[in-house]
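Please keep the sequence and the model in view while reading.

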Amino acid sequence: MSIRTANSSDAPRLRSLVIGLSRFYLRDPKATLPAWLASSLSELEFVGRLTSNDYCNYVYEIDGKVVAYISIKRPGHLYHLFVAGPHQGQGIARLLWEHASKQSKNRTYTVRSSMNAIPVYKRFGFVESASAGEKDGVLYQPMELRC
């Protein structure tokens with residue numbers, strides 16, 4: 001088990017991980033992703049984020065296999081935090097969060113949480129910062145953490 005900086009060669013696996021869990025953002029989990037969200041999850045977009053100085057990206061590996069991913073858009077927006085289904089509930093999200101937040105040393109963080117992930121972010125110390133929102137069937141809860 002290890003955490004390392006993600007790189008562009010991780011893009012296909014990260015894309016698959018995120019797309020596989022993106023249904024948790026949808027009001028109707030069986031619906032297709034809206035075009036704007038689907039396009040942000042293309043392999044090219046992942047490579048762009050993984051190679052950009054605007055993002056800090058880390059993966060969690062078990063036996064050389066990526067099972068979780070975090071991306072923070074500088075200075076402090078938690079852009080992605082995903083843990084593969086079989087590995088959820090094992091504290092991996094917290095380990096990634098603690099690692100990434102220590103690297104950035106930012107004092108304020110924001111996230112647009114899926115409704116499903118609100119309890120996870122609350123355990124990290126995030127609080128709701130605005131009313132829940134919806135765009136094209138995508139539900140989200142704005143949250144903030146002040147350190």
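## Backbone features in the loops

At 53% relative accessibility, Asp136 counts as exposed (over 50% relative accessible area, with a 1.4 Å probe and protein chains only; buried is under 20%, partly exposed in between). This is a predicted model, in which local features need pLDDT of at least 70, side-chain atom pairs count only at pLDDT 80 or more, and totals for chains, interfaces and linings use all residues. Residues are numbered from 1 along each chain as its sequence is written, and side-chain values use heavy atoms, with hydrogens and water left out.

Asp136 lies in the loop between β7 (133–135) and β8 (138–146); helices (H or I, at least four residues) and strands (E, at least two) are DSSP runs numbered from the N terminus. Asp136 has a positive phi although it is a residue other than glycine, and Asp63 likewise has a positive phi without being a glycine. Asp63 is found in the loop between β2 and β3, and at 79% relative accessibility it counts as exposed. Most residues other than glycine have a negative phi, and most peptide bonds are trans. The peptide bond from Arg74 to Pro75 is cis, and Pro75 belongs to the loop between β3 and β4.

| Backbone item | Angle |
|---|---|
| Asp63 | phi of about 50° |
| Asp136 | phi near 55° |
| Arg74 to Pro75 | omega near 10° |

## Helices α1 and α3

Two packed helices are described by the angle between their axes and the distance between the axes. Helix α1 (residues 11–21) packs with helix α3 (residues 43–51) at an angle of about 115°, and their axes are 9 Å apart. Axes are lines fitted to C-alpha atoms, for helices over the stretch in contact, and angles run from 0 to 180 degrees between N-to-C directions. The two helices are therefore roughly perpendicular to each other, a class that spans 65 to 115 degrees, while under 35 is roughly parallel, over 145 roughly antiparallel and the rest oblique.

The contact (heavy atoms within 4.5 Å) is made by Ala11, Pro12, Leu14, Arg15 and Val18 of α1 and by Glu43, Phe46, Val47 and Leu50 of α3. Its residues divide into seven nonpolar, no polar and two charged. Here Ala, Val, Leu, Ile, Met, Phe, Trp, Tyr, Cys and Pro count as nonpolar, Asp, Glu, Lys and Arg as charged, and the others, Gly among them, as polar.

In α1, the residues Ala11, Leu14, Leu17, Val18 and Leu21 are buried. They cover an arc of only 130° around the axis, which puts them on the same side of α1; the arc is that of the directions from the helix axis to the C-beta atoms. These buried residues pack against α3, β2, β3 and β4.

In α3, Phe46, Arg49 and Leu50 are buried. Their arc is only 100° around the axis, so they are on the same side of α3. Leu44 and Thr51, on the other side of α3, are exposed. The cover over the buried residues of α3 includes α1, α2 (35–40), β2 (55–62), β3 (65–73) and β4 (77–83).

Strand β5 (residues 108–113) contains Val111, which at 4% relative accessibility counts as buried. Leaving aside residues up to four places away in sequence, Val111 touches His77, Leu78, Tyr121, Phe126, Gln141, Pro142 and Met143.
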